[in-house]
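Open the structure in your viewer and keep the sequence beside it. This tour says what to select at each stop.

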Amino acid sequence: MTQWTFSRFASSQWAAVPPVASGDLTGKTIVVIGGNAGIGFEAAKHYCQMNPGKVILACRSEERAEAAVKSLREETNFERVEVSIVDLSNFNSVKALAKQLNEEDRLDILVENAGILPPSEYTATEDGWESTLQVNHISLSLLSILLLPKMISTAERFNTLAHPRLLLVGSDVHMLIKFDKDIVEGDSPLKKLSSIEYCTPESLQKRYGETKLLNLLFVRALSDRLPTLTTLIPSCVNPGFCYSSLRKPSTMTGLDSFKNWAREKVFARTAEEGSRQIIFASVAGEDPASADEEQLAKLKGAYISNSEVAEPSDYVLSEEGKEAQDKLWTDLIKELAVIEPKVLDIVARYLPEPVDLE
């Protein structure tokens, strides 16, 4: 059985973290969402030492992003680092980033790392969605779909051995979550999950885990629908429990702040150790002379943890989980098509399985 237990969590956190994987990224364009701090910044630092064509940090704060670029250039002596601005709580900002990145000559690795913890009370974005659901799931899914053509064309144009990577940063907390059938079987699961009626203070305590489960189900559904010959590899990466500014002591009570400090002291990996999982997912199976086709096949739609393909939760692997995955995919595409109508054209061309939007 694959489910979250305290002993499983502790043993995983205390296990030795494999060394960072190495690879040759010559000429490749890499985009790291949320690359100005934490595991995103550490992943960007590793990329900069692998001779890529360029690394783009896509961040909400231009000031913090520019400071990160300055640090990366000083620490790695790699100059081809750029900044793009994106606010995942605003769909227009996400679409603007997609438009900008689609104008790049190529896009080889897209790391969707940004996310937020839910506030204690219901908060909606200007787009009308519960904020954590939009930032952690819907916006990242929108960006993924809008950049599919660029990533697939990158593989076709530059090298038959190229395997672009679409990496969503997940978490083992997805193992704590399963969706009730009344939500999955309803007319609009995402609208239900976003509703103020559903988002009670109690249910919001599960929201981060729900979004991490949604990330994983999205990766698996996308991988299932990609044509066999498509070399794009979508994966969901668990960096483990790391020291993170995501948990801000300034927003916690004194007791919660102490509990967080204690958990980090006992269990947390460094951000650099967490970033190694992203690098593994970026280069595993690649070799300048050949590719490990068996490993590459395993990486498609995979949940990656501790630098290997791991089993996700029992729920994800169950028939109930598969039904939820397919229903949530259909509902997501329906909602994304409202946000950006060209989503339907992309899905029809690159993911030819019919989507019933009725």
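Is Cys199 buried or exposed? Select Cys199: the residue is buried, with a relative accessible area of 4%. Bear in mind that this is a predicted model. Next select Cys236, which is also buried, at 1% relative accessibility. A disulfide is a covalent bond between the sulfur atoms of two cysteines. Do not look for one here, as the structure holds zero disulfides.

Now show the strands. Strands of a sheet pair through backbone hydrogen bonds, either parallel or antiparallel. Eight strands form an open sheet with mixed pairing, in the order S3-S2-S1-S4-S5-S6-S7-S8. At the edges are S3 (81–85) and S8 (308–310), each of which pairs on one side only. From one strand to the next, the twist averages 25°.

S2 and S3 pair in the parallel sense over five bridges, and Ala58 stands opposite Ser84 in S3.

Then select helix H11 (residues 271–283). H11 also packs on the sheet, touching S4, S5, S6, S7 and S8, and its direction makes about 155° with that of S5. Its 13 residues reach 19 Å from the first C-alpha to the last, close to the 18 Å expected.

How many residues of H11 are buried? The count is 11 of the 13, so H11 is largely enclosed by the rest of the structure. Among them are Arg276, Gln277 and Phe280. Finish just after H11, at Gly285, which takes a positive phi of about 85°.

Notes: Residues are numbered from 1 along each chain as its sequence is written. This is a predicted model: local features need pLDDT of at least 70, side-chain atom pairs count only at pLDDT 80 or more; totals for chains, interfaces and linings use all residues. Side-chain values use heavy atoms; hydrogens and water are left out. A disulfide is a pair of cysteine sulfur atoms within 2.5 Å. Buried means under 20% relative accessible area, exposed over 50%, partly exposed in between (1.4 Å probe, protein chains only). Helices (H or I, at least four residues) and strands (E, at least two) are DSSP runs, numbered from the N terminus. The expected span of a helix is 1.5 Å times one less than its number of residues. Two strands pair if DSSP finds at least two bridges between them. Axes are lines fitted to C-alpha atoms, for helices over the stretch in contact, and angles run from 0 to 180 degrees between N-to-C directions. Contact means heavy atoms within 4.5 Å.
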